[in-house]
Amino acid sequence: MKEQVLKKLQVLADAAKYDVSCSSSGSTRPAQDGALGNAARAGVCHSFTQDGRCISLLKILYTNYCIYDCAYCINRRSNDLPRASFSVDELVDLTLSFYRRNYIEGLFLSSGVVVSPDHTMERLIAVARKLRSEHHFNGYIHMKAIPGSSAELVAEAGLWADRLSVNIEIPSENNLKLLAPEKDFSSVLSPMNQIHQGIELNKEERRKYRKAPRFAPAGQSTQLIVGASPESDFDILRLASGFYKQQNLKRVYYSGFVPVNPGDSRLPAIQKPPLVRENRLYQADWLMRFYQFRFDEILDDRHSFLDPNLDPKLAWALRNPSFFPVDLNAAPYEMILRVPGIGVRSAKLIIANRRFGSITFSHLKRMGVALNRARYFITCRELPLHLRDIDPVYLRRKLSPSVNPKVVQLNLFEHA
Amino acid sequence: MPEMETSPLSLIYDGSFEGFLCAVFEAFERRTIPQALVPASRPSQLLIGEQIEVETHPNRAERVRNGIIQRSSHRNASLVHVAFLSELPGVELLLLRYLVKLFNDPNGRYWQNMLDDEVFELVQIARKVKKEVHRFHGFVRFQETADGMFFAPIDPDHNIIRLLARHFRARFSGQQWIIYDTKRNYGIYYDLHTVQEVVLQNHRIDFNAGNVASEVKALDEDFYSRLWKEYYDAVNILERQNHKQMTNLMPRRYWKYLPEKNQAGKLK
């Protein structure tokens, strides 16, 4: 019996690992005396994988059997691999035992689609319901809304989970159709919109009745795979920006395509996942969420891919020399935020401290500002190293990471 | 307030935060910044000049603490405590210099001025300690004993164990637990009602390996820690290997008590 659970865990954790979302933040599920667990607003990482990703949740599939045959997915129907399914009780026991030992912050439950989307969704809900109502578990639960499952089930899922997510996977409808013939955008977008409405409605309700049960209090997220299909970074950021604006998503995760199904002619033949591109997309995403950049400021029709050699904020600054220099002792927060080398924390520190005196280079240095970049874009009391006096082409070369052949990442589709 | 002069005096306190606050009181009374302010447990041969052992009076400590709160805020007073718990060499003198400026500030804004050296350094040190507290919210690993107690050994860089109490009290209020600092040899124990400090006498725990002795371990304990290791190995994506990032986020000095990391020879 125990050996069986161990085998299932190996199979179903292995199969779940390509979902890169790991966050356990954004929910405050208060502790109840005598019950188990709570959720911390900031989230807690409990361990880190060999590939440097955070482990905060028991990320697992209910089953890796699947009726679909998506080209990019390890669990597709046509793959010959060990299959397993947990029982509801096994998953509940695993979650509680791991949680009690402080291994995890909660559960991330996903699944292959068995029998039907509704059938699968019901199984996931059963696990969460049992954890919450029978075991008084207040830890974090992230649940997948299975594309195509019915509105009632999605509504119930939101009552038990902290966060819900539906993965868009492929950033354009055409390519989704090509790679996942049984799926389409509407099967993803309709639960996404429903969750969004549920959250908005719930906010309204809780304004009237403070005790109204909460619906997905940590919001919703989605994931898309980068590099399995030929969309440009511009397309991807436009899509993500739409999700943030229209569906009010908390996060969009970008998962560099890992070639798990070599030999499928619909997919590019790459050896290594495009990790640099993935990283640049995350940086651009941060610019949209925390630095008040619009997606079409980061890229445009002429520049449709992020520069692998420059972080996107620096690339924007070099294209917009007229914005600089920014006077740190006078400029508003929003302008200081746009200076390369200055992050949210140091921008806030600068604003909070300049009333005590002039900010100098040495202050900036100990606030953690990356002066090697920032110095070309600012004036404070010391002499300005004005960007307009310096050739942006020269700066671009100087501020790029040293020429490293590993960084150069050819995009297979760029010229397709 | 008159100027404080530096002197070749050394103040020795009992190592507790209260004791430290009493030493601050002493320094203010003598209007002197001593050349050293150190706990009795860390005597130094290098001390020259007069040495004074400061006695700990709870009411004096309270007066200093209230003074800090009056001139800044509750939050800032706890920041002083947190920085003190860093146990970094010289932190006591830094805090004293900071407190002298705080108590001499006429307009009550001094503590917010990060352009000041002492304020800046204090905030940096407190950040470091709080970062470790946050890490240990994740890196504590409990083992269940046969009588249903959950035990976790830790050995943090800073003396953070008291700062863990609130988080774990809230999260695990339905089980008894001990979190034990094996380096400083004391821990916190939650008995289903309150958290208190304990020193373990009867060692059923191998502090080197961090294991509860097998005769007092719960039957399922090894099974679950094995499941956890298997889980840890299963979620690794080989194609994305990034050892450097992993050790940045989870430095090797913390691996000793992490079941997924501490097997001998497992240095993948």
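Predicted model: local features only at pLDDT ≥ 70, side-chain atom pairs only at ≥ 80, totals over all residues.
Residues are numbered from 1 along each chain as its sequence is written, chains are lettered from A and ligands numbered from 1 in the order in which they are written, and side-chain values use heavy atoms, without hydrogens and water.

**Chain A as a whole**

- Chain A holds 15 helices and 10 strands, where helices (H or I, at least four residues) and strands (E, at least two) are DSSP runs numbered from the N terminus.
- The C-alpha atoms of chain A fill a box of roughly 70 × 55 × 40 Å along the principal axes.
- Of its 416 residues, 58% count as buried, meaning under 20% relative accessible area, while exposed means over 50% and partly exposed lies in between (1.4 Å probe, protein chains only).
- In chain A, 67% of the contacts between residues at least 6 apart in sequence join residues at least 24 apart; a contact means heavy atoms within 4.5 Å.

**Chain B as a whole**

- Chain B has eight helices and 12 strands, and its C-alpha trace spans about 65 × 45 × 40 Å along the principal axes.
- Of the 268 residues of chain B, 54% count as buried.
- Chain B exposes about 13000 Å², with 49% of it supplied by carbon and sulfur atoms.

**A closer look at helix H2 of chain B**

- Helix H2 (residues 58-71) of chain B has 14 residues and reaches 20 Å from its first C-alpha to its last, close to the 20 Å expected at 1.5 Å a residue; the expected span is 1.5 Å times one less than the number of residues.
- The buried residues in H2(B) include B:Ala61, B:Val64, B:Gly67, B:Ile68 and B:Ile69.
- Among the elements that cover these buried residues are helix H1 (17-30), helix H3 (74-84) and helix H4 (91-104) of chain B.
- B:Gln70 also lies in helix H2 of chain B, but B:Gln70 is exposed, with a relative accessible area of 66%.
- B:Gln70 and B:Gly108 are 38 residues apart in sequence, and their C-alpha atoms are 8.8 Å apart in space.

Note on methods
Areas by Shrake-Rupley, 256 points an atom, 1.4 Å probe, with all protein chains shown as cover.
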